[in-house]
Amino acid sequence: FVEVALTPEVPGSMTAILGPGQPAASPAERCAIFYSINNTHVALPGVDLGNALIKQAAAHLQTQGVTTFCTLSPLPGLSKWLQSASGGVAQQALSQGQIAQDLAAACVHAKINPQSDPVGTLKTLLAVKEWWNDAELHRLMRRPLTALAGAYLFLEKKGGKPVDPVCGFHIKNGANLWRVNFAGDFSAKRVGESFGMMVNYCYDLPRVAENSSRFKASSVITPGEPFQQQAKELGLPL
């Protein structure tokens, strides 16, 4: 089954969907947000139930006037990837001017010594207990973690495919990488997996088949406009 929230805009956090005080969905909502996909049955060979569920739900909701179809998804491999990273994509992403400055300022604020490389410095900062509850650290970690997650999803590949399994699932099925979200979910599970980062993938229905074919043919991930803007601001190559 797939869980869907109807919202006026694409949310960047689980709190925006499930937090206290969220109003009930109204007929005026134009965004469908897929935030939980579960396969409770064994699929037939060659049948991707998760993909089928999303597209079936989107087709139905489209008849109800919904125009935007996105996910709010986890990055289950981000933390493990960073722990094994010592250079390459992660190093480049964290070496950009303002990002490097934010890491240095975070070290000063937390009263810790920076490491010899930005990857090591970020790992040290992430070890600060509940850093996200410190307002200044929360502010200073936004750019480094957004750049790290963007590079992980868009640039880090194995065999031409994204190393993140959730990313691979949605991109293969024709979604675009729409936006990376800092402070998306600070539950214990998500902090452990991805330092609270979440991501939106967008199913632009007229372009889904084209995106899927392009990815299968040449491993090209289609970036959505919000991610293109993020990449420009963070110095990530597109």
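**Fold, aromatic pairs and a helix packing**

The protein chain holds 11 helices and 7 strands, where helices (H or I, at least four residues) and strands (E, at least two) are DSSP runs numbered from the N terminus. This is a predicted model, in which local features need pLDDT of at least 70, side-chain atom pairs count only at pLDDT 80 or more, and totals for chains, interfaces and linings use all residues. Residues are numbered from 1 along each chain as its sequence is written, and side-chain values use heavy atoms, with hydrogens and water left out.

Of the 238 residues in the protein chain, 46% are buried; buried means under 20% relative accessible area, exposed over 50%, and partly exposed in between (1.4 Å probe, protein chains only). The chain exposes about 11700 Å², of which carbon and sulfur atoms supply 54%, with areas taken from the Shrake-Rupley method with a 1.4 Å probe. Among contacts (heavy atoms within 4.5 Å) with a separation of 6 or more, 72% are between residues 24 or more positions apart.

A pair of aromatic rings is described by the distance of the centres and the angle of the planes. Rings of Phe, Tyr and Trp (its six-membered ring) pair if their centres lie within 6.5 Å; planes under 30 degrees apart count as stacked, over 60 as edge-to-face and the rest as tilted. The count by this rule is 6 aromatic pairs. Tryptophan 131 and phenylalanine 186 are edge-to-face because their ring centres are 5.8 Å apart and their planes stand at 90°. This pair links distant parts of the chain, 55 residues apart: tryptophan 131 lies in the loop between α6 (118-126) and α7 (135-154), and phenylalanine 186 in the loop between β6 (176-181) and α9 (188-194). Tryptophan 131 has 2% relative accessibility and so counts as buried, whereas phenylalanine 186, at 25%, counts as partly exposed.

Another pair, phenylalanine 154 with phenylalanine 227, is tilted, at 5.5 Å centre to centre and 45° between the planes. Here helix α7 supplies phenylalanine 154 and helix α11 (residues 225-234) supplies phenylalanine 227, 73 residues apart. Both phenylalanine 154 and phenylalanine 227 are buried.

Helix α7 also packs with helix α5 (residues 97-110), at an angle of about 145° and with the axes 9 Å apart. Axes are lines fitted to C-alpha atoms, for helices over the stretch in contact, and angles run from 0 to 180 degrees between N-to-C directions. Residues making the contact include Leu103 and Ala106 of α5, and Leu137 and Leu140 of α7.
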